[in-house]
Amino acid sequence: MVVLTILREHVDAIIAHARRDHPDEACGIIAGPIGSDQPTRHIEMLNAAMSPTFYEFDSGDLLRLYREMDDNDEEPVVIYHSHTATEAFPSRTDQNLAAEPNAHYVLVSTRDGADAEGTEIDFRSYRIVDSEVTEEEVQVVDRYTNERTTPQTEVAP
Amino acid sequence: MAIEVRIPTILRPYTDGERAVSAEGASIAELIENLEANHEGIKERLLDGADVRRFVNIYVNDEDIRFTGGLATELSDGDGVVILPAVAGGAA
């Protein structure tokens, strides 16, 4: 798996979330059916750290999120966050804390005015396994050819 | 007494891929020792010295043990334990 295939609506939603929360880091996931590698359900998470240089899901939110995914036979296919003053590349902290070896780690950067609507914005994806970073191609599609569930965006929890 | 422990993906190499295992102990500290006895190496991934690692969350019946006494949190038969790595990072 060296490509992240993702819906345009999810890319747009992640960018909108990052811009809205700038200059703090924004974070969230896109869940998908277990084993599908197909992100289908976008969930914006609260950055409990509320920081321009750090993000962390609240521990209670995290448990509810994983229970919900369990109930739906989903897993975190995409885990995303924004960097607001540095490039869209996993920092040392990102590398050390990445704990989902099957997830695509998406980073966007809102630095240098990219928090403004309509500007160019870096949107990049990586695998992070044992703190090792591998960048991958991002393929943006309007719809999946073998769609499994209806895509949706929700604000939760 | 049997406690079900949910194992996150990243720790399943220690449990032969099992998503949940049964363990025993009257407290989280004892439970972790019991897990280690059957799944060698897992303890080091959960503890940093005498404390739970900063970016590991352990829940007993949906309560984060940070708020219920940490490793001393008591367990009873039938309790459910969930281990989840934090989802965290950032530019710093």
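Predicted model: local features only at pLDDT ≥ 70, side-chain atom pairs only at ≥ 80, totals over all residues.
How many bridges join strand 4 of chain A to strand 8 of chain B, and in which sense do the two run? There are 2, and strand 4 of chain A and strand 8 (residues 88–89) of chain B run antiparallel. Two strands count as paired here if DSSP finds at least two bridges between them, and helices (H or I, at least four residues) and strands (E, at least two) are DSSP runs numbered from the N terminus.

Residues are numbered from 1 along each chain as its sequence is written, while chains are lettered from A and ligands numbered from 1 in the order in which they are written.

Now for the rest of the meeting between the chains. In all, 26 residues of chain A are in contact with 17 residues of chain B, contact being C-beta atoms, placed from the backbone, that lie within 7 Å. Helix 2 of chain A gives the most, with 5 residues. Sorted by class, the chain A side has 12 nonpolar, 10 polar and 4 charged residues (Ala, Val, Leu, Ile, Met, Phe, Trp, Tyr, Cys and Pro count as nonpolar, Asp, Glu, Lys and Arg as charged, and the others, Gly among them, as polar).

Let's stay with helix 2 of chain A. Among its residues, Ser59(A), Leu62(A), Leu65(A) and Tyr66(A) are buried; that takes 20 or more other C-beta atoms within 10 Å of the residue's own, while 12 or fewer makes a residue exposed and anything in between partly exposed, with C-beta atoms placed from the backbone. Looking down the helix axis, the buried residues fall within an arc of 120°, so they line one face of helix 2 of chain A; the arc is that of the directions from the helix axis to the C-beta atoms. What do they pack against? Strand 3 (41–45) of chain A, together with strand 5, strand 6 and strand 7 of chain B. Just after the helix, Asp73(A) takes a positive phi of about 55°.

Over in chain B, 5 strands form an open sheet of mixed pairing, in the order 2-1-7-5-6. Its edge strands, each pairing on one side only, are strand 2 (20–23) and strand 6 (63–64) of chain B. Helix 2 (residues 59–71) of chain A packs on this sheet, and its direction makes about 105° with that of strand 7 of chain B (axes are lines fitted to C-alpha atoms, for helices over the stretch in contact, and angles run from 0 to 180 degrees between N-to-C directions).

Back in chain A, 10 of the 10 residues of strand 5 are buried, so this strand is largely enclosed by the rest of the structure. Strand 5 of chain A pairs antiparallel with strand 2 (residues 27–33) of chain A over 7 bridges, and parallel with strand 6 (residues 104–109) of chain A over 6 bridges. His81(A) stands opposite Cys27(A), and has Leu107(A) as its bridge partner in strand 6 of chain A.

Terms used: Contact = placed C-beta atoms within 7 Å.
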